[in-house]
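Grab a pencil and have the structure open beside you. Try each task yourself before you read its solution.

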Amino acid sequence: MVRVEHLNQTFLRTKKLPHIWCPGCGNGIVTAALVRAVERAGFAQRDVVIVSGIGCSSRAAGYLNFNTLHATHGRALAFATGLKLSQPQLKIFVIMGDGDCSAIGGNHFIHAARRNIDLNAVIINNYIYGMTGGQHSPLTPAGRKSTTAPAGTLERPFELLELARGAGATFGARGSAAQPRQLEQLIVQGARHKGFAVIEALSPCPTYYGRKNRQGGPVEMLRALKDSSVSVEGASGLDPAELSEKLVTGVIYVKDAPEYTEQYYRSTGKEPG
Amino acid sequence: MTEVKPVLMQGNVACAEGAITAGVRFYAGYPITPSTEIAEHMAERLPQVGGVFIQMEDEIAGIAAVIGASVGGMRALTATSGPGFSLKQENIGYAIMAEIPCVIVNVQRMGPSTGIPTAPAQGDVMQARWGTHGDHPIVVFSPASVYETFYLTIAAVNLSQKLRQPVILLMDEVVGHMREKVLIPEVGKLLVEKASDEIPPDWKPYDDKGLAPLVPFGSGHYYHVTGLFHDESGFPSGDPAVVSRSLERLHGKLEKYRHEVTFTSYIGHKEPRVAIVTYGCTVRSARAAIKKAYWQNRWPVGLLSLQTIWPFPAKEVEALARQVEMIMVPEMNMGQLVGEVERYSRGRAEVVPLNRYDGEMITPDQIFDQLRRWFA
Amino acid sequence: MGSRQEILLTGSGGQGLILAAIILAEAAVDDNKNVVQTQSYGPEARGGASMAGVIIDVDAIEYPKVTRPTLLLAMNEASYRKYLPKVVPGGLVIVDSTFVAGPFPGDYRVLPLPITRLAREKLGREVVANMVALGAINAAAALVNREILKNCILQRAPKGSGEINQQAFELGYRLYHQGMEPDRGLSAQTTQ
């Protein structure tokens with residue numbers, strides 16, 4: 001386990017801790033990975049901005065000592081798009097939950113990907129709306145239960161990274177709270193990538209998703225996440241049947257394409273402002 | 001102020017030019033009739049001045065990006081019409097709560113719903129006031145001419161910055177689409193109010209004592225912006241004392257600067273027996289009627305035109321109600337602002353609505369005929 | 001309101017009437033007059049009904065819409081029928097006889113001119129019919145200074161089309177002064 005004391009204190013609003021998340025929630029692990037990633041990437045504190053939407057995960061912004069913008073539900077990427085264009089040097093991390101990003105924010109997600117704007121979208125996917133008490137999201141696997149799908153959801157989930165790839169994202173990676181060091185590396189790679197980077201971070205919600213779907217407590221859920229994870233390299237040796245049971249982690253895709261902010265200012269031939 | 005050669009300009013273009021003159025360097029929006037010319041003009045002009053134009057994926061993203069850019073230190077504006085204005089409401093509330101300056105233009109069209117996109121109406125008066133949820137303050141200007149559009153846009157931008165408060169420019173299809181003669185000042189000759197770049201040593205992002213400047217992100221002052229109730233530092237608080245103080249402060253700043261945000265003008269008789277109170281394009285019809293009634297017929301009539309409709313110019317209307325026997329309120333809706341006029345007339349004058357809701361302007365004759373009936 | 005002139009340009013979308021109205025209004029500004037230009041149109045840019053109004057006055061213009069035109073241009077049959085009754089008694093009505101067959105009642109000064117046909121025949125370009133019409137209108141009503149108007153046409157015309165648009169404008173003047181077939185020197189069509 002990573003302990004808070006080991007993190008760079010200047011990047012944390014320690015007075016705002018302890019956080020509001022439930023015991024066993026993975027949001028703290030992902031947030032810690034993000035803090036370490038910012039440090040490893042070597043970004044200046046003043047250039048780093050955290051934008052978040054609404055939901056459990058979005059409360060991370062309040063604990064991080066940068067300029068932080070806790071926006072409205074689903075709209076974090078649209079807020080971030082305006083901010084990035086106003087100050088292109090900013091390194092913007094957009095923290096969203098699965099519902100926030102892919103349901104109410106789905107339109108902004110695909111269009112940020114289409115523009116290939118240099119934002120780092122960190123989606124904490126716990127398969128559930130936590131803040132409102134356990135409803136299924138577009139990333140909840142089919143058949144899983146929620147308070148609004150007592151017999152299990154009939155809906156099929158998005159494959160988030162493929163959705164982003166189809167829409168034009170140029171970096172897609174998946175990690176989880178079960179492997180925070182890998183997650184940290186993935187965030188660093190995404191942040192250094194010029195273009196729209198999507199990092200899906202699987203994270204346990206023992207309080208709602210775990211309880212509704214008999215996944216056990218925090219330890220069991222983290223272990224299950226870890227056991228089902230397989231690296232991109234490892235996955236190449238598996239047959240499709242085996243792979244369908246697995247969570248492939250690592251950089252899923254990366255490619256070069258023109259970045260929107262840079263393109264914009266090049267087209268105008270002017271400096272911002 | 002030096003004014004140069006008069007030019008023919010469309011209302012929507014005057015809005016865009018006014019914004020640029022006032023230092024707006026960011027526009028994000030979504031195409032919608034009858035406001036689209038604002039976006040089109042911004043798309044051409046902003047890149048020339050180092051600004052950013054971006055057409056977003058929807059109306060909500062338009063206002064969201066505007067708020068984002070404003071947090072980044074760019075003066076920002078978005079424009080829309082009724083249906084899009086409805087979609088923007090949640091984020092307008094965010095900007096009020098988080099005290100992010102921005103200007104939202106609504107070129108009103110006939111509604112409800114898709115209505116008649118190219119027909120004029122003044123049906124969004126109450127939406128402009130109460131469209132977003134919660135008990136919020138708002139500033140709304142309503143221009144009656146291309147000239148007023150230019151200058152009220154500048155005022156909207158400046159006051160939005162000063163008060164850290166969204167300002168709505170409630171135009172209508174008539175003013176938005178018509179072209180008329182305007183005098184545009186030379187660039188740089190117009191006062192654009194700029195907040196001091198200096199950050200006070202005891203700066204708090206949301207200072208209880210007054211108007212703390214918005215320090216743009218990226219300048220090394222780390223703070224939190226949220227739509228949750230928050231304390232002076234910007235961090236969420238559910239403390240009842242903090243909550244009530246925040247709300248009182250949001251309302252209080254408009255009350256305190258009421259004289260700066262209230263624009264009205266009066267023409268007509270010094271001691272009128274009958275007055276007209278109106279706003280937007282209907283002012284034009286009322287002015288024509290007043291010219292005939294007062295200048296030609298010498299009837300004791302006057303016209304109070306409201307460039308600011310919210311906060312409602314209560315004192316001005318109250319004073320007028322003390323003077324006159326009757327106040328006529330022509331509006332291109334089924335009666336919206338008339339309720340406020342009635343409220344602040346406090347029974348001192350009879351308040352008579354004059355409504356038209358067929359997608360056409362109220363004519364000077366309609367107003368004149370009402371006056372004639374009164375004086376007959 | 002004695003000096004208020006209300007001009008209504010009507011026809012089909014695509015005939016360039018709104019542009020003609022804008023040019024006329026710009027010329028009025030340059031000619032130190034007060035002016036308001038408005039328009040109404042449906043969702044279609046081409047083919048639907050199109051109507052543009054210009055109000056010119058030395059006094060301030062309050063009500064911005066044309067209600068009783070002192071001058072009507074009708075470039076198609078439907079708009080001729082629709083707007084003719086709105087014209088003030090004694091008002092001038094210029095119709096494009098290419099599209100409008102009449103009848104032309106005597107309550108108005110109706111001037112049928114083959115605007116579009118001549119644009120096609122003399123200049124080879126139907127699209128400049130709006131400028132022919134503008135020439136005829138200004139020749140008939142002297143709304144603004146002729147040279148100022150001509151200059152505004154040049155400034156507004158798309159690149160490379162300034163000359164032909166100005167030729168069209170001059171053709172409009174000749175059409176008004178000399179009648180239906182200016183080059184053949186026919187006498188002016190009288191107004192009943």
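Predicted model: local features only at pLDDT ≥ 70, side-chain atom pairs only at ≥ 80, totals over all residues.

Residues are numbered from 1 along each chain as its sequence is written, while chains are lettered from A and ligands numbered from 1 in the order in which they are written.

**Exercise 1.** Work out which pair of chains shares the most contacts.

*Solution.* Start with the rule: two residues are in contact if their C-beta atoms, placed from the backbone, lie within 7 Å. Two pairs of chains are in contact, and chains A and B share the most contacts.

**Exercise 2.** Describe the side of chain B that touches chain C.

*Solution.* First, count: 18 residues of chain B are in contact with 16 residues of chain C. Next, look for the elements that give two or more residues to chain B's side: these are β1 (3-10), α7 (173-177), β8 (179-185) and α10 (282-296) of chain B. Here helices (H or I, at least four residues) and strands (E, at least two) are DSSP runs, numbered from the N terminus. The top contributor is α10(B), with five residues. Finally, sort chain B's side by class: eight nonpolar, four polar and six charged. For this sorting, Ala, Val, Leu, Ile, Met, Phe, Trp, Tyr, Cys and Pro count as nonpolar, Asp, Glu, Lys and Arg as charged, and the others, Gly among them, as polar.

**Exercise 3.** Find out how β2(A) is joined to β9 of chain B.

*Solution.* Remember that two strands pair if DSSP finds at least two bridges between them. Between β2(A) and strand β9 (residues 224-226) of chain B there are three bridges, and the strands run parallel. Then zoom in: A:L69 sits opposite B:V225 in β9(B).

**Exercise 4.** Summarise how chain C is put together.

*Solution.* Begin with the tally for chain C, six helices and six strands. Reading along the sequence gives β-α-β-β-β-α-β-β-α-α-α-α for chain C.
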